[in-house]
Amino acid sequence: GVDMRKLRGMTGAISYDPGYGSTGSCKSEITFIDGEKGILRYRGYPLEQLAEGVSFEEVMYLMIWGKLPNQAELDGFNAKLAEHAELPEGIVAVLDNLPKNAHPMTVMQTLVATLGDYYEPADEETDIIRLLAKSKALAAYSYRKQTGKEYLKPSKGASFAGDFAHMTFGTSDEYKVSDVLEASLDSLFILHADHEQNCSTSTARMIGSAQASLYASISGAIGALSGPLHGGANQKVIEMLENIRAEGRSLEDHIELVKDKSSDVKLMGFGHRVYKNFDPRARILKKSADELFADLGVEDPALDLAKELEKVALEDEYFVKRRLYPNVDFYSGTIYRALGIPTNMFTVMFVLGRLPGWIAQWKEMRDDADQRIHRPRQIYIGENERNVTPISER
Ligand code: ACO
């Protein structure tokens, strides 16, 4: 019932909330989180049901258009994704001209920023489909570039996850993606599809609030996600496991190091700002990790170490008292590794999963009549007025 427009002209007290921990920046119908109870729902549907029962394409549709598609709607959506899947030649040339060692996240951000420039200005839905449809080739090509392999064309009729895996790891057009790989990626993408007003999503809304294009807004979100405090944590988990092994440290010694506050070492992949009992995404991933490792017969000392570390930590008073549990990144890193995805591609995987969430939030913002350009205030703590002195007197 509050008429937000009436409050707009009001000035006066400004709340100081660094990091916006207590500031609601928008109204949203997309994602609900209850951190105490470990609940995460997209558009009202529990994550667990979505992860079990629907495809990533259905989740994309749900996120952006607000309802689970019926078969005809899903078929129509898939047909449009297939129609728009190929990259324009010009963008492949841009890719080729980026430095060989360009980080895949830089590649993604750059190519998404310029993607719209290959086309005449289009309506919102075309832009959305275009970006979703081409994102899997962009991600796959960012990997092929660093490995120096030829680029494979998207396949019509393949699932989003399957086509991405094919273009990423395929050796020829006939390469068959294993069911395990396809299903694991599909489920990982669903688990990452949205997490309300996190840093990258807020960035997409911030840029979009200036009526910048979808491409500009999502490119900015990718930049935000590349930060180690945000999308980069899954990579840090693997690096931690590798360091423990390389230094020949025992798990007990590592835990002691973590508990010693002067060491500045954290148990990566543990703890969460919002989830204090468990991270529902981590719970789902743990189950799929176990199934996957058994299925693939994966033998990787780093993965064994992760499991042992989890066991030791969960029984330790330090973690129990502080309510520190494994978060989504603890398991996603180990799963990506088991699937053979290189460490510097982990955050790109996050991009593919999060894309529908960013787009849905961007669209919701544009459709909201109360929305205006994002423009936080500040508490000025600089000098009072003073006079300029000639340079010789400074
Ligand atoms: N290892 C060791 N101690 C920890 C950890 C950890 N991973 N996480 C929190 N603690 C300790 C803190 O030192 C603090 O101890 P104190 O009460 O003795 O001072 C206590 O637990 C409370 O922690 P806060 O720092 O207040 O928790 P906050 O909500 O600010 O931080 C965060 C959450 C950033 C996720 C933190 O737990 C962390 O750094 N974890 C490791 C990094 C990580 O895995 N990040 C991914 C998060 S999930 C995602 O982004 C998708």
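Predicted model: local features only at pLDDT ≥ 70, side-chain atom pairs only at ≥ 80, totals over all residues.
Student: How far apart are the end C-alpha atoms of helix α18 (residues 346–367), and what span should its residues cover?
Tutor: Residues are numbered from 1 along each chain as its sequence is written. Helices are DSSP runs of H or I with at least four residues and strands are runs of E with at least two, both numbered from the N terminus. Because the expected span of a helix is 1.5 Å times one less than its number of residues, the 22 residues of α18 should span 32 Å, and this agrees with the distance between its end C-alpha atoms, which is 32 Å.

Student: At which residue does α18 bend, and which proline follows?
Tutor: The bend at a residue is the angle between axes fitted to the seven residues ending there and the seven starting there. In α18 this angle is about 45° at arginine 354, and the residue that follows within four places is proline 356.

Student: How many residues of α18 are buried?
Tutor: A residue counts as buried if 20 or more other C-beta atoms lie within 10 Å of its own, as exposed if 12 or fewer do, and as partly exposed in between, with the C-beta atoms placed from the backbone. By that count α18 is largely enclosed by the rest of the structure, because the buried residues number 20 of the 22.

Student: Which residues does methionine 63 contact beyond its neighbours within four places in sequence?
Tutor: Two residues are in contact if their C-beta atoms, placed from the backbone, lie within 7 Å. With those sequence neighbours left aside, the contacts of methionine 63 are Ile30, Tyr42, Ala193, Asp194, Pro356, Gly357 and Ala360.

Student: Is aspartate 194 buried or exposed?
Tutor: Aspartate 194 is placed in the loop between α9 and α10 (199–209). Leaving aside neighbours within four places in sequence, aspartate 194 is in contact with residues including Met63, Tyr42 and Gly357. Because aspartate 194 has 26 C-beta neighbours inside 10 Å, it counts as buried.

Student: Is lysine 176, in contrast, buried or exposed?
Tutor: Lysine 176 also belongs to a loop, the one between α8 (160–169) and α9 (179–191). Because lysine 176 has 9 C-beta neighbours inside 10 Å, it counts as exposed.

Student: In what order do the three strands stand in the open sheet?
Tutor: Two strands pair if DSSP finds at least two bridges between them. β1 and strand β2 (residues 39–42) pair over four bridges, while β2 and β3 pair over two, in each case in the antiparallel sense. Since β1 (31–34) and β3 (45–46) each have a single partner strand, they stand at the edges, with one side left without a neighbour in the sheet. The order is therefore β1-β2-β3.

Student: Which residue in the turn between β2 and β3 has a positive phi?
Tutor: Across this pair, tyrosine 42 stands opposite tyrosine 45 in β3. The two strands form a hairpin with two residues between them, and the turn residue with a positive phi, of about 50°, is arginine 43.

Student: What bend does helix α7 (residues 124–147) show at lysine 134?
Tutor: The 24 residues of α7 reach 35 Å from the first C-alpha to the last, close to the 34 Å expected at 1.5 Å a residue. Just after α7, glycine 148 takes a positive phi of about 70°. At lysine 134 the bend of α7 is about 35°.
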